[in-house]
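Open the model in your viewer and keep the selection panel ready.

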Amino acid sequence: MSNSITLLNRNKQFSNNFNAANLPVTPQLRSVVLTCADARVDPAHIFKLDLGDSIVMRNSGGRVTKEIIEEIAAMAFMVGKMDGDEKKPFELIVMHHTHCGTERYANPEFQQALKMHIGIDVSSLAIHNHEKSLHEDLEKLRIASEIPGYIIASGCIYDVEDGTIHQVIEPTALESMSPYINLDKKKDK
């Protein structure tokens, strides 16, 4: 049997008991989780999310890209319009994970092969050090003029071997977040 048929059959089971037609557009937990597309890293399982609890965005490595910034800015604008004059906190959790495929993007030969064979530059997605990458991603959010400073952002690393989460960057409003300090320079001091 095709995997697509398996998934469609699972949907039939899901829809037989569906009772969430009246969920609001704004997620119940007023949160967005940005994480990797890796099948081992499913926020619905990791955070025990119910339907309507949180927005989940996924890409290679859970990295903050131009497209992610634009998506978050558009969502923030929409939610801001729905909130009216009273801007309520909205949280963004950036979650990287151990043993991520984007660690392979750090290999210059692999980067060159991808660029040569399919024309894609993955250097900005490469993860050399997860904590450093999280700081870089949160800095991209902090300096993005499109994203309101009242959004609360945090960064964590999910361990695919034991299911635990290590908080690297505590939840902080972007406007109150300290500028990113290059971790390599910090070690030299």
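The stops below go from the overall fold to the cavities and then to an aromatic pair.

**Ground rules.** This is a predicted model: local features need pLDDT of at least 70, side-chain atom pairs count only at pLDDT 80 or more, and totals for chains, interfaces and linings use all residues. Residues are numbered from 1 along each chain as its sequence is written, and side-chain values use heavy atoms, without hydrogens and water.

**Stop 1: whole protein.** Show the cartoon. The protein has six helices and five strands (DSSP runs numbered from the N terminus: helices are H or I with at least four residues, strands E with at least two). Trace the chain from the N terminus: the order is α-β-α-β-α-β-α-α-β-β-α. The C-alpha atoms fill a box of roughly 60 × 50 × 35 Å along the principal axes.

Now colour by burial. Of the 189 residues, 39% are buried (under 20% relative accessible area; exposed is over 50%, partly exposed in between; 1.4 Å probe, protein chains only).

Stop 2: A search of the whole structure finds two cavities of 30 Å³ or more. A cavity is a set of points on a 1 Å grid over the protein atoms alone where a 1.4 Å probe fits but cannot get out; lining residues have an atom within 4 Å of a point. Points are joined across faces, edges and corners, and the volume is the space filled by probe spheres set on them.

Select V32, I72, M75, A76, F90, E91, L92 and I151: they line the largest cavity. Its volume is about 50 Å³. Helix 3 (66–83) and strand 3 (91–97) each give two or more residues to this lining. Helix 3 gives the most, with three. By class, the lining has seven nonpolar, no polar and one charged residues (nonpolar: Ala, Val, Leu, Ile, Met, Phe, Trp, Tyr, Cys, Pro; charged: Asp, Glu, Lys, Arg; polar: the others, Gly among them).

**Stop 3: second largest cavity.** Select R30, A76, V79, G80, D83, K88, F90, Y150 and I151 for its lining. The volume here is about 40 Å³. This lining has five nonpolar, one polar and three charged residues.

**Stop 4: aromatic pair.** Zoom to Y105 and F110. Their rings are stacked, 6.0 Å centre to centre with 15° between the planes. Rings of Phe, Tyr and Trp (its six-membered ring) pair if their centres lie within 6.5 Å; planes under 30 degrees apart count as stacked, over 60 as edge-to-face, the rest as tilted. Y105 is buried at 16% relative accessible area, whereas F110 is partly exposed at 35%.

Conventions
1 Å grid on protein atoms, 1.4 Å probe; cavity = no way out; pocket = protein on both sides within 12 Å on 5 of 7 lines; lining within 4 Å.
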